[in-house]
Amino acid sequence: KDVTELKSILLQHKQQFAKALTEKLLAYAIGREMTVNDRPQIDTLAQSAKGFRDLITAIALSDTFRSK
């Protein structure tokens with residue numbers, strides 16, 4: 001197994017990967033674990049971001065981050 005195969009697997013599960021990455025970044029940004037109540041915000045952020053830079057910006061501008 002190599003990097004090419006990893007990339008292929010990640011692309012097959014793009015939305016799942018985006019949600020997991022969003023959840024981890026948001027948890028790190030606000031300094032707490034995510035809960036079920038955070039799921040709608042995570043889903044919205046993951047769907048709206050077009051790339052990593054957009055995701056970071058969306059997290060920084062999110063209500064969850066700004067009200068921590």
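User: In what order do the elements of the protein run from the N terminus on?
Analyst: The model is predicted: local features need pLDDT of at least 70, side-chain atom pairs count only at pLDDT 80 or more, and totals for chains, interfaces and linings use all residues. Residues are numbered from 1 along each chain as its sequence is written, and side-chain values use heavy atoms, with hydrogens and water left out. Elements here are DSSP runs numbered from the N terminus: helices (H or I, at least four residues) and strands (E, at least two). Read that way, the order is α-α-α-α-α.

User: How many helices and how many strands are there in the protein?
Analyst: The C-alpha atoms fill a box of roughly 40 × 20 × 20 Å along the principal axes. Within the protein, the count is 5 helices and 0 strands.

User: What percentage of the 68 residues count as buried?
Analyst: Start with the cut-offs: buried means under 20% relative accessible area, exposed over 50%, and partly exposed in between (1.4 Å probe, protein chains only). The protein has 68 residues, and the buried share is 24%.

User: How far apart do the centres of the positive and negative side chains lie?
Analyst: Lys and Arg count as positive, Asp and Glu as negative, with His and the chain ends not counted. Each charge is placed at NZ of Lys, CZ of Arg, CG of Asp or CD of Glu. There are 11 positive and 8 negative side chains. The centres of the two sets are separated by 4 Å.

User: Which exposed residues sit on the face of α4 turned away from its buried side?
Analyst: Helix α4 (residues 52-61) has the buried residues Leu55, Ala58 and Ile59. Seen down the axis, they fall within an arc of 100 degrees (taken over the directions from the helix axis to the C-beta atoms), so they line one face. The face turned away carries exposed Arg53 and Leu61.

User: Which residues of α3 are exposed on its other side?
Analyst: Look at the buried set of α3 to begin: Ile42, Asp43, Leu45 and Ala46. These fall within an arc of 165 degrees down the helix axis, so they line one face. What covers them includes α2 and α4. On the other side, the exposed residues are Pro40 and Gln47.

User: Is Thr22 buried or exposed?
Analyst: Thr22 is found in helix α2. Leaving aside neighbours within four places in sequence, Thr22 is in contact with Ile42, Leu45, Ala46, Leu55 and Ile59. Its relative accessibility is 0%, so Thr22 counts as buried.

User: How far apart in space are Leu45 and Glu23, C-alpha to C-alpha?
Analyst: Leu45 is in helix α3 and is buried at 5% relative accessibility. Not counting residues up to four places away, Leu45 touches Thr22, Leu26, Leu55, Ala58, Ile59 and Ser62. Leu45 and Glu23 are 22 residues apart in sequence, and in space their C-alpha atoms are separated by 9.3 Å.

User: What is the relative accessible area of Ala29?
Analyst: Ala29 lies in helix α2. Not counting residues up to four places away in sequence, Ala29 touches Ile59, Phe65 and Lys68. Ala29 is partly exposed, with a relative accessible area of 21%.

User: Which residues is Ala49 in contact with, leaving aside its neighbours within four places in sequence?
Analyst: Ala49 is one of the residues of the largest nonpolar core. Beyond its neighbours within four places, its contacts are Asp54 and Leu55.

Key
Contact means heavy atoms within 4.5 Å. A nonpolar core is a set of buried Ala, Val, Leu, Ile, Met, Phe, Trp, Tyr and Cys residues joined through side-chain atoms within 4.5 Å.
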